[in-house]
Amino acid sequence: MKKFLAWFSLSILLAFSVYVSFVMAALPSTYNGISNIIVKNTIERTGAINAVTAIVFDFRGYDTLGESFVLFTAVSGSAVILRNYKKNSVTPLEKDLKNSQKNKSNLEIIKEIDKKRDSIIERDSIIVSTANLVLPISLSLGAYVILHGHLSPGGGFQGGVLIAGAVAIVFLAYGMDRVSKVFNAERIKVYESVGALSFLLLGTLGVVYGYNFFKNVIYNQGKPGMLYSSGTIFWMNFAVGYKVLAGIGFLLITMIGTLNAEEKE
Amino acid sequence: MNYVSSLPIIAIITPFIGAFLIGAISSNKKLLPAMKGIAIVSSLVSLVSLLFLTKPILLEGKVATYWLGNWMPQEQMAIGIGLEVDSFGLFTGLIITFSSFLSSIYSVTYMKEDNALDKYYTLFLLLLGSMIGFVLTGDLFNMYVMLEIMTFAAISLTAFRNNIYKSLEAGFKYIVIGSLGSTLILLGTVLIYAQTATLNMAQISALIHNNYTPVTILALAFMMAGYGVKAFLVPCHTWPPDAHMSAPSSVSMLLSGVMSKTGIYGFVRLLYMIFFSVGMAKMELLIILWGTLTMIVGASMAIIQTDFKRLLAFSSVSQIGYIIVAFGVGLSSKSSIGVLGTLGGLYHMINHASFKCLLFMCAGAVLHATGTTDITKLGGLSKKMPYTTILFLIAAFSISGLPPFNGFVSKWMIYQATYEAGYAPVTIIALIVSVFTLAYMMKLAQSVFFGELPKKLEEVKEVPLTMSITMGVFALACLVEGLFPKIISKYLLEPAAYSIYNLHNYIDVMFTKGFAEKMFKNKIPIPNMTYEMAGYWRPEAWFVLFIVILIGFIIGVGISLNFVKKNNIDTTCNFGDKYGVFTGGEKEEFAPIAGGDLFWGLRHNLKGYFGFLEKAHSGVVNDYVTWVISCTAVLSIYLFAVL
Amino acid sequence: METLKSLFYILIFPGLLFSICFGLILSGIDRKMVARMQRRIGPPIMQPFYDILKLAGKENLIPRVAAKKTFILAPLIGLISVITISLFIPFYGIYFFSGQFGDIIVILYLLTIPAVALIIGGAASGSPYASIGISREMVTMLSYEVPLVIIVLAVGAKAGIAISGNVTFSLKVIEDYQKLYGVNLANLATLPAALAFLFVIPAEVGTVPFDVAEAETEICEGPLVEYSGFYLGIYKLTQAVKMFIMGNLFVSLFLGGINFGNTILNVLFNILLIILVIVVSVSFVRSVVGRIRIEQTLKFFWTIPTVLAVISLILAYI
Amino acid sequence: MLINYIGAFIVMILGLYIMMSKKNLIKIVIGMSLVDSGLNLLLVSVGFRPGGTAPIFITDLKPGAFFVDPVPQALTLTSIVIGACVSALALSLIIKIQEKYGTIDADKVRRLRG
């Protein structure tokens, strides 16, 4: 019965979708709808030369706001799901916070980590040296992508994810201990909120200047095609990049944290 | 008009700002009271800013628009995202903000014992903001984004108490089915974009008005199935019982009482606005059949449940069936019947929000006081929690439609609408399902609040004041909505129903005047909001009648009893065999009938039917996915065959 | 003057006083008839009055585990709401409150309140017997509600389509229809519905074949097991008034529209008809049949009366 | 872009098939990602014009060059992020389910039923 239902409905859907594909292929290009006007307006009214970024951060900036909220929600949700539920007690994240707040200089911490690494875990040297090589590249590439969001493909989200990949690289090369030493999960979570708030505040600039919410008020600063141009889009790229790198980084740290807990058991 | 038009964005953004503020100060645990304050204040601010909108929109019938980023339409094309608040959106928004505000107060004490409260309030505010954003937006893709925030926040809150196995399982089922629904909605949006090359709802509805191509028909099928998942229509109703029973009650009241309304909102926008299908008999039939099926399955499943909150969740499914049936009748080509159906549906929306929130709050109060919602372990709580019992009874009577409470009025309108539209079997089923509703509510009352108090529950105390006050507000709402249907209808429902039918104005306000007429070539008639009740019902008069007779009876009895004997009720004496319950020789603690046994006979007599239903709700995720997909397939077959 | 008139309607006729007295008399007639059919002399017709008065004078026991306020209030609410129904059903040609009331759906729902009051009261007593009684009461309600709903809709459809071209729920319209086209009982389309309604009356009132919820021998009167004294009396009173209400509802639905041109004559004739209906549907059945089990009740109501009512509904549309 | 449309729909239906038939919860999540990928592919293909270039006003734009539709690309970005979030949440839930139930078999993770 269930098998029949599954095959029946899948074949029905396949048949209809193939039929609709043929119909869709014959439709006129969607470029003649709203996109045409958007592209026409891109340079004069936003100052960006990348139409996609102009749409993401200006024409449909509100959607992007929602998108970053989705990410924020998912990160908070993962944190909620992966926490240890206790009635009125400390979460593991708080324990991390306490550990990291012990008064030690950075040098000492690094020395300790080095000791630990040498003593406990023997890491694969290929992975370690590759990571040492890749880490700075990925970080600077991420920064580049965030900076040039309005000029070339990419933007805050992509760059943020690239930077957040650093967590994964550190974990692969040096293990969980190093990750928890280097990154302060709780503070990163706070940074995510700060990033989202600054994104919102940039949106609110429009209201401050007497326009509507999300109005690109300073779009005419700088020459289109230069690094500092396109008004709030430039800054929003920053805010979103910051928010995403914090959010994804936090997500990775939490998930890696659970892996570690299982190993210990 | 300027301050009016920026109010919607304030209502949407305030909860989000509150959420991020809480996130920013979350590292300091001493600031927990501040977080609670932020949660309450932001929900209050969005409630107030929507209340400011009632005068121009609900009373004067205007439509507020707000173009984000000042991207006004150019060359009749909506290049930006526009918020558009008409009476229907505002109506739903008011339900959402009102319930959320009360829920935020309720959670202060209810969630006191849990950890990670900063994330609870963050997610709570994200849920609230996304619900308002969903209702007030005028952009199809933006609706999808808001829907996703809503789904994720709801999932995270469902799994909030992750020490219990069921919340994790429920969360997983919710995310699989819920994101499948969202995916279907996005798929529909993409297909519509491919056809019309725009994302603005007003423009889409102008472009594809009665102009069905295969692409839009498939899009309609996908979106109907998607919103069916969001509004718990059978067979896409499998996630709410799991999710609502495992979420904290302050959240499950929002999931069940309010979030289902957003699904219905999407459904109505889809049917009445984007695909203008008023007057299409085939569509009407489909929606009514779907609603009827939902009604029956929800009620039948509810009657065999043994968990307080799971029963309530299935009851929600059944009540949503009523609303969908009403909106199905609203598509009728006869305008007077259609208006009655739409009004009934809107009325039932607001009623369902009030009594279902109250019921879930009662369940939360029971859980807070006793630590369980399993009705086989509960009993006799009315002695320990008299206030909660009274409120529960009010809600139970409301949901089963006993006069003079609110459920009666809306159900009555739905009966009349379906019956006059010529769907007599649907009316009969609706009336019988109403008796089923009464049956499972009585089951709850008997097994949780009445009956014998188990030994373990001797120490139970009444819930704290903040919880009981919020519950009392909802109970009051139930009574007021029941006693003054004329006022509610005139100031809330009729503007909302009018705006649902007033497609022209919706499009014209978004673009330029006359745009809709140019696109449609003919004017769509807007039905009169007058309707005639087939009978007559004045609840306030009945209430007065009841009081008069009560007084008359008491006086009469008092006089006559003086002739016979002084009648003294001996309530002080609480010991002695005389005051024990007759148990036929059994010891009292072995005698009680647990809630699970109450309808054992009925279940046994109809074991074929109930057994089939139980087997169908197998708890395997794959089966549930299969159901949703088959529902989509059936819908697309029907729509392709009909349109 | 209007207020006085309303007060008269509410308190004297057909409200509080009349419905209680007439209900008790009906119950007395019923007992007398059953006795005569069983070749007994039977109690005097006024016996129910004496019973109620006796119960009113007795001591009230409230069990230790009971929820006291609910236990006390439930019977009162049931009785009062059943009395309010009497104002919603027209006597021949008399519409209380100038015909504003009289909606069948309202009456259907108000009729459930006494049953709910019985259930809540029984639940509040905390007795296991009451729990079983509640379950049975609920299932009985589920059984008879199905045909009752269809009957009412069938009659509404028949009358409404003939009068205004649209279905109606108003008892006034149904009465007007019967004035024009003759009584519904003589109408082929609504005759099956009338027969089904005769089956529903004993179940609604709670007399013998369908009184399994209050079976004395098995579950000690079910929900009433812990009730004593005055409050038990109120329940008995409720049952008696319900008998009057159901009889009057039958008369309005199926025997309405007869007019002698004289108010007092009309009322008397109406009263006579009510007595007749109750004798036919309650007393005859009660003296002939034994009590049936709960699943038999369910099966019975979901087959014969439902089929009859559905036939009537279909005929009404043709 | 017929082949793209059909391909996208087939990817989606394969994803649905996995969601319906595979009992491993992680495989179900893979199915969800597959549906998302198919959807993204469809979304991008909707905006494609044969011969079009990326919608960026670079200085050395060839004469006569025209852009593809940028709006679906922007929507795809949103959709990708949302898909990633779905996976993240679902996988977190699976981690916890494994802790509580000791299994990730859909046939055994069914204590809520009936």
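Me: What makes two residues count as in contact?
Reply: Their C-beta atoms, placed from the backbone, must lie within 7 Å. By that cut-off, 34 residues of chain B are in contact with 36 residues of chain D. The model is predicted: local features need pLDDT of at least 70 and side-chain atom pairs count only at pLDDT 80 or more, while totals for chains, interfaces and linings use all residues. Residues are numbered from 1 along each chain as its sequence is written, and chains are lettered from A in the order in which they are written.

Me: Which helix gives the most to the side of chain B that touches chain D?
Reply: H6(B), with 16 residues. Helices here are DSSP runs (H or I, at least four residues), numbered from the N terminus.

Me: How is the side of chain B that touches chain D divided by class?
Reply: It has 20 nonpolar, nine polar and five charged residues. Asp, Glu, Lys and Arg count as charged; Ala, Val, Leu, Ile, Met, Phe, Trp, Tyr, Cys and Pro as nonpolar; the others, Gly among them, as polar.

Me: How many residues of chain B are in contact with chain A?
Reply: 65, and they meet 60 residues of chain A. H5(B) supplies the largest share of that side, ten residues.

Note on methods
Helices (H or I, at least four residues) and strands (E, at least two) are DSSP runs, numbered from the N terminus.
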